[in-house]
Amino acid sequence: MVVVAGELRVADADRERVAARLGEAHAEGRLTLAEYDERVRAAHGAVVGSDLLPLTADLPAEAPVRSGGAVRPGAPSPIRAAVAVWAVVSVINLVIWVAVSVGTGGVVAPWWIWVAGPWGVALAIGAVAGRAGLPFPGGCAGMPIRR
């Protein structure tokens with residue numbers, strides 16, 4: 001192996017990225033098992049960037065995108081999942097409130113509104129923002145919103 005002056009050494013992440021792409025190519029039927037094995041061994045033995053380049057040079061840049069994009073078919077959108085959780089928690093709180101009211105023989109202050117109300121308003125704002133093309137706030141930021 002000849003190392004060109006100034007060429008950067010590859011990291012384990014670079015080797016793993018190339019090995020993963022080779023695995024995809026093998027799964028697509030672009031590489032035979034023998035070719036895949038040979039190239040993965042070379043990828044894990046790579047020292048500099050030029051060692052990795054020929055391993056994927058005859059393959060498409062990346063695997064073809066499957067229909068459905070980043071959201072798997074049948075998966076609820078982030079906003080729908082959040083609304084479902086809100087609805088379940090709100091119903092549970094309402095049932096508890098009714099049970100306490102019946103148990104005490106009188107109507108108890110509707111404390112469950114303080115759980116359901118602000119949370120519901122936040123979800124409504126998020127849904128309106130999503131319809132306007134803005135990302136869903138919070139931990140789901142950047143996830144596509146399916147309608």
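This is a predicted model: local features need pLDDT of at least 70, side-chain atom pairs count only at pLDDT 80 or more; totals for chains, interfaces and linings use all residues.
**Notebook: helix packing**

The crossing of helix 4 past helix 5 is left-handed.

Next I listed the contact residues. Helix 4 contributes I79, A82, V83, V85, W86, V89, S90 and N93. Helix 5 answers with V115, A116, W119, G120, L123, G126 and A127. I sorted this contact by class: eleven residues are nonpolar, four polar and none charged.

Then I took helix 4 alone. Which of its residues are buried? I found P78, I79, A82, S90, N93, W97 and S101. Helix 5 (113–131) is included in what covers them.

I checked the length of helix 4 too. It runs over residues 78–104, 27 residues in total. At 1.5 Å a residue it should span 39 Å, and its end C-alpha atoms are 39 Å apart, so the two agree. Just after helix 4, I noted G105 with a positive phi of about 80 degrees.

Last, I turned to helix 1 (residues 12–28) and helix 2 (residues 33–44). Their packing angle is about 175 degrees, and the axes lie 9 Å apart. That makes helix 1 roughly antiparallel to helix 2. From helix 1 I listed R15, E16, V18, A19, L22, G23 and H26. They meet L33, Y36, R39, V40, A43 and H44 of helix 2. By class I have seven nonpolar, three polar and three charged residues in this contact.

Notes: Residues are numbered from 1 along each chain as its sequence is written. Side-chain values use heavy atoms; hydrogens and water are left out. Helices (H or I, at least four residues) and strands (E, at least two) are DSSP runs, numbered from the N terminus. The expected span of a helix is 1.5 Å times one less than its number of residues. Buried means under 20% relative accessible area, exposed over 50%, partly exposed in between (1.4 Å probe, protein chains only). Contact means heavy atoms within 4.5 Å. Axes are lines fitted to C-alpha atoms, for helices over the stretch in contact, and angles run from 0 to 180 degrees between N-to-C directions. Angles under 35 degrees count as roughly parallel, over 145 as roughly antiparallel, 65 to 115 as roughly perpendicular and the rest as oblique. Ala, Val, Leu, Ile, Met, Phe, Trp, Tyr, Cys and Pro count as nonpolar, Asp, Glu, Lys and Arg as charged, and the others, Gly among them, as polar. A crossing is left-handed if the near helix is turned anticlockwise from the far one by less than a right angle, and right-handed if clockwise.
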